[in-house]
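Subject: The structure I promised you

Hi,

Here is the structure we talked about. Have a look at it first, and then read on for what turned up.

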Amino acid sequence: MTIESDRERLSQAHNLAWIGRKLRSTDMVTVYRWNSEDVRGDYFILGGLVPPKLVEEILSGEHISDVIENVWPEPTAYRSDRESPVKYFRWGVDEDVYGSEPLVIKRRFSGIEENYIEISEEFRLFHNLYHNKETNAYIKIDDAGNKNKIAIVKPDEVQIRYQEIRQFLAIKEMFLSMLFVFDEYSTYSL
């Protein structure tokens with residue numbers, strides 16, 4: 001690799017163009033991607049749902065939701081003292097404070113069973129999606145019997161159709177927050 005081609009790659013123009021592209025309702029949106037095996041870079045994309053009260057804070061860059069950033073949510077029951085009631089935290093953090101929800105959840109089983117990725121159950125139920133286990137695709141079947149591929153789950157990537165994301169956000173009155181991390185490495189010095 002030449003220093004010129006490395007500069008082009010390090011500029012991340014292709015990533016910026018990809019993030020800024022105009023989406024059509026039928027486009028598949030990458031809401032999760034993890035690629036840490038490329039020796040030239042680490043790539044991480046994660047989408048989650050945030051309530052209106054957190055939008056300004058997240059856009060200011062001062063706050064990234066613990067729920068969205070934590071793809072391994074662990075439900076927790078917590079009591080601050082003996083007199084206080086036990087409070088259940090579905091995503092492992094206080095939803096009253098954060099209010100955000102993961103769209104993609106990584107499941108892990110202490111090495112006893114294989115880890116896997118799944119799409120939010122609420123999203124799947126809202127759209128009445130059929131899970132084709134052979135292709136790991138989620139299908140919406142309309143009243144006429146037409147099948148539409150709504151989501152594709154791969155070991156390192158999840159894509160969901162834009163139209164269904166927007167419908168889900170509208171009914172929940174929430175926003176989609178996307179966390180992008182594109183770290184590039186080079187053998188050349190600065």
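How many aromatic pairs does a search of the whole structure find? The search comes up with six. One of them is the pair of F123 and F168, whose ring centres are 5.2 Å apart and whose planes meet at 80°, so this pair is edge-to-face. To call a pair edge-to-face, the planes have to be over 60 degrees apart. F123 belongs to helix 5 (residues 121-126) and F168 to helix 6 (residues 162-172), so the pair ties together parts that are 45 residues apart in sequence. Are these two buried or exposed? F123 has a relative accessibility of 0%, so it counts as buried. F168 is buried too, with a relative accessible area of 2%.

Before you go further, please keep in mind that this is a predicted model.

**The overall picture**

The protein has six helices and 12 strands. Of its 190 residues, 37% are buried. If you take the contacts with a separation of 6 or more, 59% of them are between residues 24 or more positions apart.

**Around F182**

Next, go to strand 12 (residues 175-184), where you'll find F182. Its relative accessible area is 12%, and because buried means under 20%, F182 counts as buried. Which residues does F182 touch, leaving aside its neighbours within four places in sequence? They are Q12, N15, W18, I19, D42, Y43 and I45. Take N15 as an example: it is 167 residues away from F182 in sequence, yet the two C-alpha atoms are 8.0 Å apart in space.

F182 is also part of an aromatic cluster, together with W18 and F180. While you're looking at W18, find R33 as well: its charged end sits over the ring of W18, 5.4 Å from the ring centre.

Now turn to Q12, which is in the loop between helix 1 (3-11) and helix 2 (13-19). Q12 is a buried residue, at 16% relative accessible area. What does the side chain of Q12 reach? It gets to the backbone oxygen of F182, at a distance of 2.7 Å. Apart from neighbours within four places in sequence, Q12 is in contact with F182 and E184.

S120 is buried, with a relative accessible area of 7%. Its side chain reaches the backbone nitrogen of E122 at 3.3 Å. Once you set aside neighbours within four places in sequence, S120 is in contact with P102, L103 and I105.

S120 can also be compared with E101: they are 19 residues apart along the chain, and their C-alpha atoms are separated by 8.9 Å. Where is E101 found? It is in strand 5 (residues 101-102). E101 has 11% relative accessibility, so it counts as buried. Its side chain makes a polar contact of 3.3 Å with the side chain of K172.

One last stop: helix 3 (residues 52-59). Which of its residues are buried? They are L54, V55 and I58.

Cheers

Terms used. Residues numbered from 1 in each chain as written. Predicted model: local features only at pLDDT ≥ 70, side-chain atom pairs only at ≥ 80, totals over all residues. Heavy atoms only, no water. Helix = DSSP H or I, 4+ residues; strand = E, 2+ residues; numbered from the N terminus. Buried < 20%, exposed > 50% of the residue type's maximum accessible area, 1.4 Å probe, protein only. Polar contact = N/O pair within 3.5 Å; in protein donor to acceptor, adjacent residues only side chain to side chain. Contact = heavy atoms within 4.5 Å. Phe/Tyr/Trp six-rings, centres within 6.5 Å; stacked < 30°, edge-to-face > 60°. Lys NZ or Arg CZ within 6 Å of the ring centre and 35° of its normal.
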